[in-house]
Amino acid sequence: MASSDPGDDSLYPIAVLIDELRNEDVQLRLNSIKKLSTIALALGVERTRTELIHFLTDTIYDEDEVLLALAEQLGNFTPLVGGPEHVHCLLPPLESLATVEETVVRDKAVDSLRNIAAQHSQADLENHFVPLVKRLAGGDWFTSRTSACGLFACCYPRVSTNVKAELRQHFRNLCGDDTPMVRRAAAGKLGEFAKAVEPEYLKSDLIPLFTVLAQDEQDSVRLLAVEACVSIASLLPSEDTEQLVMPTLRQAAEDKSWRVRYMVADKFTELQKAVGPEITKNDLVPAFQSLLKDCEAEVRAAAAHKIKDFCQNLSADVRENIIMTNILPCVKDLVADANQHVKSALASVIMGLSPILGKDNTIEHLLPLFLSQLKDECPEVRLNIISNLDCVNEVIGIKQLSQSLLPAIVELAEDTKWRVRLAIIEYMPLLAGQLGVEFFDEKLNSLCMTWLVDHVYAIREAATLNLKKLVEKFGMDWAQQTVIPKVVHMSRDPNYLHRMTCLFCINLLADTVGSELTTKLLLPTVIGMGQDPVANVRFNVAKTLQKLSPLLDQSTIQNLVKPLLEKLKADSDLDVQFFAAEALDANATAGGK
């Protein structure tokens with residue numbers, strides 16, 4: 001194929017690319033595979049079908065990385081082989097790729113096969129695609145049989161009744177395969193196949209398979225059957241779900257393997273929606289309680305994550321009663337759980353119960369839990385509570401919130417762990433918006449200023465950004481009266497790191513406070529710091545002057561900024577010289593414009 005007529009210039013690059021496909025260098029082969037569409041376009045549809053596809057099928061043995069790229073490319077090749085009427089010629093190379101040992105290659109080949117299945121006519125589907133599915137399903141190696149599991153749903157709806165019966169039989173065989181990997185693949189695709197088959201066959205063929213897979217000796221198969229349960233339950237009327245699905249689901253929720261119980265917990269709200277309110281009330285509430293009390297921390301954490309959504313999805317007439325009677329006692333136990341991941345999972349959702357339970361229940365039952373979690377030794381638990389305070393604020397109001405929770409927040413703001421302090425800082429603008437300017441100034445303003453001189457750089461950096469956000473929220477007057485005087489005062493701090501923080505604050509605040517306040521209040525401070533004894537401060541002065549220049553008028557630049565930069569350009573420190581020269585160049589360029 002590479003021996004094209006050397007006189008044909010248009011095909012010469014193609015010959016080179018095909019030679020690269022045979023090259024020993026994996027990267028060259030990979031690059032060539034990624035240019036397959038270029039090769040195909042140059043060859044034309046006829047030669048692509050007869051030569052290129054044949055060549056690719058014959059040279060399918062390669063590095064996994066190359067095969068993965070090939071599997072992906074072939075999924076988009078339909079126009080390059082002449083459209084849907086010729087799409088079946090792409091099946092042989094993809095069939096080979098669907099049998100290789102590497103899972104990601106097989107999965108990509110299956111994705112591409114599913115993609116091109118939709119482009120087959122019904123006749124081509126039965127004549128070419130279904131035989132491929134049967135060959136894969138009956139293959140000697142488990143790799144081909146696992147790939148087959150993903151192809152039933154995409155071709156089943158468009159074939160004749162007899163072929164449908166054959167496909168159901170093949171899928172049944174795969175569900176009972178001797179190899180656990182195949183049963184696992186079948187269990188993983190059972191829900192998808194259930195959506196494709198007719199209702200009568202769902203009951204007669206697939207639900208028995210679901211029951212068998214849910215009792216498989218391998219827990220990796222049983223947990224995937226739980227996923228199929230969501231799809232199957234959503235397809236059945238309530239009485240059939242109760243009779244055909246719930247016994248298996250109850251069993252899964254009490255499975256001896258924690259991984260199966262974890263999957264039930266993880267899919268719980270999806271199961272809740274699928275089975276409907278009546279079954280939820282009678283069956284899922286006790287199951288959920290059981291999962292929240294599970295002996296394995298991973299299961300409790302997965303269930304705890306679902307508490308808010310589960311409670312929200314309960315029918316309105318029984319919601320409050322079920323939460324107060326069945327869920328809240330479990331929540332109280334989880335607040336004191338020995339595992340920090342469980343407590344953290346709970347803390348991320350517990351605030352969401354406030355809007356569901358209302359003001360009185362929140363104050364009486366939930367606030368003590370919030371306070372307990374705000375004092376938890378685990379930083380992530382405290383952070384998750386703080387991050388969701390707005391839910392509670394909307395329900396109980398800022399007065400109650402400040403009396404109950406603010407002392408705990410102030411305590412956290414001074415926590416010895418810097419990551420906790422950082423989390424509080426990041427939350428501060430949101431909290432400020434909820435509290436209002438007067439309350440904020442009274443209770444939290446001094447904290448924000450204290451962070452600017454924290455011994456951890458990340459805290460000082462976050463504190464400067466926090467100031468900018470607060471100024472944006474509270475306005476120029478507040479900035480002029482409250483923030484800028486304190487920032488200016490830092491320029492005279494004995495610690496040079498704090499003087500640097502002063503410059504960082506000015507950098508960030510300048511854009512927000514505008515040209516007038518920058519010229520009047522911030523620039524004199526920067527100019528004054530140009531004589532600083534520490535070189536790091538002086539070169540940051542140069543950088544700050546470059547940042548402020550666009551906000552200043554030309555006379556200010558000429559009379560104040562430029563003389564100082566000229567002086568810094570002659571500084572004894574090389575870094576100061578460099579940044580001063582850079583700032584002068586920037587000013588000269590801006591002036592030219």
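## Basis of the model

The structure is a predicted model, in which local features need pLDDT of at least 70, side-chain atom pairs count only at pLDDT 80 or more, and totals for chains, interfaces and linings use all residues. Residues are numbered from 1 along each chain as its sequence is written, and side-chain values use heavy atoms, with hydrogens and water left out.

## Helices H32 and H33

Helix H32 spans residues 535-548 and helix H33 residues 554-569; helices are DSSP runs (H or I, at least four residues) numbered from the N terminus. Their axes come within 11 Å and cross at roughly 145°. Axes are lines fitted to C-alpha atoms over the stretch in contact, and angles run from 0 to 180 degrees between N-to-C directions.

On the H32 side, the contact (heavy atoms within 4.5 Å) is made by Arg538, Val541, Ala542 and Leu545. H33 contributes Val561, Leu564, Leu565 and Leu568. By class, this contact has seven nonpolar, no polar and one charged residues. Here Ala, Val, Leu, Ile, Met, Phe, Trp, Tyr, Cys and Pro count as nonpolar, Asp, Glu, Lys and Arg as charged, and the others, Gly among them, as polar.

## Helices H13 and H14

Helix H13 (residues 219-235) packs with helix H14 (residues 238-253) at an angle of about 160°, the axes lying 11 Å apart. H13 and H14 are therefore roughly antiparallel to each other, a label for angles over 145 degrees. H13 passes H14 in a left-handed crossing.

Val226, Cys229, Ile232 and Ala233 of H13 form the contact with Thr241, Val245, Leu249 and Ala252 of H14. The residues of this contact divide into seven nonpolar, one polar and no charged.

## The largest cavity

A search of the whole structure finds one cavity of 30 Å³ or more. A cavity is a set of points on a 1 Å grid, over the protein atoms alone, where a 1.4 Å probe fits but cannot get out. The largest cavity has a volume of about 50 Å³, the space filled by probe spheres set on points joined across faces, edges and corners.

Its lining (residues with an atom within 4 Å of a point) consists of Phe210, Ala214, Arg222, Ala225, Val226, Cys229, Thr248, Leu249 and Ala252. H13 and H14 each supply at least two residues of this lining, and H13 gives the most, with four. By class, the cavity lining has seven nonpolar, one polar and one charged residues.

## The largest pocket

The largest pocket has a volume of about 400 Å³; a pocket is an open set with protein on both sides within 12 Å along at least five of seven lines. Of the 15 residues that line the pocket, Thr103, Asp107, Thr146, Ala185 and Lys189 are the closest to its centre.

Helix H6 (103-117), helix H8 (142-149) and helix H11 (180-196) are the elements that give two or more residues to the lining. H6 gives the most, with six residues. The pocket lining has four nonpolar, five polar and six charged residues.

## Helices H10 and H12

The axes of helix H10 (residues 161-175) and helix H12 (residues 199-213) come within 10 Å and cross at roughly 10°. H10 and H12 are therefore roughly parallel to each other, the term for angles under 35 degrees.

Arg168, Phe171, Arg172 and Cys175 in H10 meet Tyr201, Asp205, Leu206, Leu209 and Leu213 in H12. The contact of H10 with H12 has six nonpolar, no polar and three charged residues.

Notes
Parallel < 35°, antiparallel > 145°, perpendicular 65-115°, else oblique. Left-handed = near helix turned anticlockwise from the far one by under 90°.
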